[in-house]
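These are my notebook entries on one model, written down in the order in which I looked things up.

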Amino acid sequence: FRTNGMEEHLSRTRAARGRIFLAKNATKAGVVERPSGLQFVVIKEGTGAFPRAGESVMTHYRLFTTEGHLIDDSMDSGGPQRFEFDKVIAGWREALQEMRVGATWRLFLPPELAYGSQGLAHIPGGETLVYELTLLGIHSKAGAEPVVLPPSRVGRTPGKLEAMSSGRGKKIPAAG
């Protein structure tokens with residue numbers, strides 16, 4: 001299947017649009033930017049442990065476009081989701097290393113820290129993504145009891161992204 005370079009062009013266009021978004025976002029109060037390009041805002045500090053390599057994390061997340069349209073919500077998939085720390089996308093792995101159980105952060109991920117120029121399923125290549133990520137618990141590799149906060153601690157965070165319904169957001173236009 002030949003695209004005559006169209007998908008590559010669209011991916012580059014989305015990535016350029018994302019770089020503009022991230023440059024503006026970096027100037028906002030409370031936004032922390034790392035050398036990797038990861039940006040985040042701490043919405044709620046955690047008080048529990050930090051996850052480490054080899055462990056699994058229990059999370060609640062919501063995924064948005066930079067325009068604030070909801071793409072995915074872990075609650076739509078049956079509730080909090082468990083992921084192997086070593087196998088999550090690079091932006092999550094970098095952020096999770098600094099998050100304590102109970103923390104909620106809003107992550108702003110350039111494509112290099114998310115799904116790259118190829119994308120994934122319903123996420124087009126080159127897309128800059130916004131995650132609202134809550135670290136609910138850690139499951140150690142040794143099989144010890146997990147550290148998990150009760151699900152009632154997961155709540156909606158006020159702000160622009162809160163205005164989204166729990167349904168699917170508007171699709172990202174195919175052209176720039």
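Predicted model: local features only at pLDDT ≥ 70, side-chain atom pairs only at ≥ 80, totals over all residues.

**Entry 1**

Residues are numbered from 1 along each chain as its sequence is written, and side-chain values use heavy atoms, with hydrogens and water left out.

For the element names I rely on DSSP runs, numbered from the N terminus, with helices (H or I) of at least four residues and strands (E) of at least two. Two strands are taken to pair if DSSP finds at least two bridges between them.

I then looked up the strands that pair with E3. E4 (residues 70–73) is joined to E3 by three bridges and runs antiparallel to it. E3 and E4 form a hairpin with five residues between them, and Gly68 in the turn has a positive phi of about 95°. Strand E5 (residues 81–84) is also antiparallel to E3, with four bridges between the two, and E7 is antiparallel to E3 as well, joined by nine bridges. Met58 stands opposite Arg82 in E5 and opposite Gly137 in E7.

Is E3 mostly covered or exposed? I call a residue buried under 20% relative accessible area, exposed over 50% and partly exposed in between, using a 1.4 Å probe and protein chains only. E3 is mostly covered, since nine of its nine residues are buried. I checked both faces: Ser56, Met58, His60, Arg62 and Phe64 are buried on one side, and Val57, Thr59, Tyr61 and Leu63 are buried on the other.

**Entry 1: the nonpolar cores**

Next I looked up the nonpolar cores, each a set of buried Ala, Val, Leu, Ile, Met, Phe, Trp, Tyr and Cys residues joined through side-chain atoms within 4.5 Å. The largest has 26 residues, and those with the most contacts inside it are Trp92, Leu96, Leu107, Leu109 and Tyr131. Strand E3 (56–64), helix H2 (90–96), strand E6 (104–109) and strand E7 (129–139) are the elements that give two or more residues to this core. E7 gives the most to it, with five residues. Apart from this core lies another, of six residues, among them Phe21, Phe64, Leu70 and Val130.

Leaving out residues up to four places away in sequence, Tyr131 touches Tyr61, Arg62, Leu63, Ile89, Trp92, Trp105, Arg106, Leu107, Leu109 and Tyr115. With the same exclusion of residues up to four places away, Trp92 touches Thr59, Tyr61, Phe83, Leu107, Leu109, Tyr131 and Leu133. Trp92 is found in helix H2 and is buried, with a relative accessible area of 3%. The C-alpha atoms of Trp92 and Leu38 are separated by 9.2 Å, although these residues are 54 residues apart along the chain.

**Entry 2: aromatic pairs**

I counted rings of Phe, Tyr and Trp (its six-membered ring) as paired if their centres lie within 6.5 Å, with planes under 30 degrees apart called stacked, over 60 edge-to-face and the rest tilted. The structure holds seven aromatic pairs. Phe21 and Phe108 form a tilted pair, at 6.1 Å centre to centre and 45° between the planes. Because Phe21 lies in helix H1 (residues 6–25) and Phe108 in strand E6, this pair ties together parts that are 87 residues apart in sequence. Phe108 is buried, with a relative accessible area of 7%.

The pair of Phe83 and Trp92 is edge-to-face, at 5.4 Å centre to centre and 90° between the planes. Phe83 is partly exposed, with a relative accessible area of 27%. Ring pairs link Tyr61, Phe83, Trp92 and Tyr131 into a cluster.

Arg106 has its place in strand E6 and is buried at a relative accessible area of 14%. Its side chain is joined to that of Glu132 by a polar contact of 2.8 Å, a term I use for a pair of N or O atoms within 3.5 Å; within protein, one must be able to donate a hydrogen and the other to accept it, and residues adjacent in sequence count only if both atoms are side-chain atoms.

Lastly I looked at the loop between E6 and E7, where Ala121 is found. Ala121 has a positive phi of about 45° although it is not a glycine, and at 81% relative accessibility it counts as exposed.

Conventions
Contact = heavy atoms within 4.5 Å.
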